[in-house]
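Subject: Structure handover

Hello,

Please find the structure below. My notes on its packing follow.

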Amino acid sequence: MIRVQRDDFDLGAELDALACGNHRVGGLASFVGLVRDMAGDGPVTAMTLEHYPGMTERQLAAIEAEAHRRWPLEASLIIHRFGRLEPGDRVVLVACASAHRQAALAACHFLIDWLKTRAPFWKHEEAPDGGGDWVRAREVDDRAAAAWDRNEG
């Protein structure tokens, strides 16, 4: 399941709903990304996330489908927020449910790595002085995602 939304989400409710009633699920893995108050060496007062509706959901669905192709998942969930967020706010939730923990953990790790580099979101970090910068791709994230290209799970 994919959701791109402005509003916050209830972590407990989302995880409960993911495996509710499915007794084949033996492992549920999740990752929650939060807005930090620092970027590089400077403070951040807020981050604004932009995306292209339609295109973003299609790309997230393709990433999710790849996880289901690689691992025996019972369910998965990607929630990504957009708009202006402040330090401590939740940005993203990725969760995977499987019969066994190994598949749930690996698929969750894969999803967040590919989401970080392949999902069409643009992030602008605001500084206390009113300035700011667009977040650039990081080589470490590209390497993490590329490792999955060489490893089919």
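Of the 30 residues in the largest nonpolar core, those touching the most other members are L60, W71, V91, V94, F110, L111 and L115. A nonpolar core here is a set of buried Ala, Val, Leu, Ile, Met, Phe, Trp, Tyr and Cys residues joined through side-chain atoms within 4.5 Å, with buried meaning under 20% relative accessible area for a 1.4 Å probe, protein chains only. Two or more residues each come from β5 (46-51), α2 (55-70), β6 (73-81), β8 (90-98), α3 and α4; helices are DSSP runs of H or I with at least four residues, strands runs of E with at least two, numbered from the N terminus. α3 gives the largest share, 9 residues.

This is a predicted model: local features need pLDDT of at least 70 and side-chain atom pairs pLDDT 80 or more, while totals for chains, interfaces and linings use all residues. Residues are numbered from 1 along each chain as its sequence is written, and side-chain values use heavy atoms, without hydrogens and water.

Leaving out residues up to four places away in sequence, L60 touches I2, V4, I78, L115, A119 and F121 (contact: heavy atoms within 4.5 Å). Another core, of 9 residues, lies apart from the largest one and includes F9, L18, A75 and L77.

Helices α3 (residues 101-118) and α4 (residues 139-150) pack at about 125°, axes 9 Å apart; axes are lines fitted to C-alpha atoms over the stretch in contact, and angles run from 0 to 180 degrees between N-to-C directions.

Regards

Notes
Buried means under 20% relative accessible area, exposed over 50%, partly exposed in between (1.4 Å probe, protein chains only).
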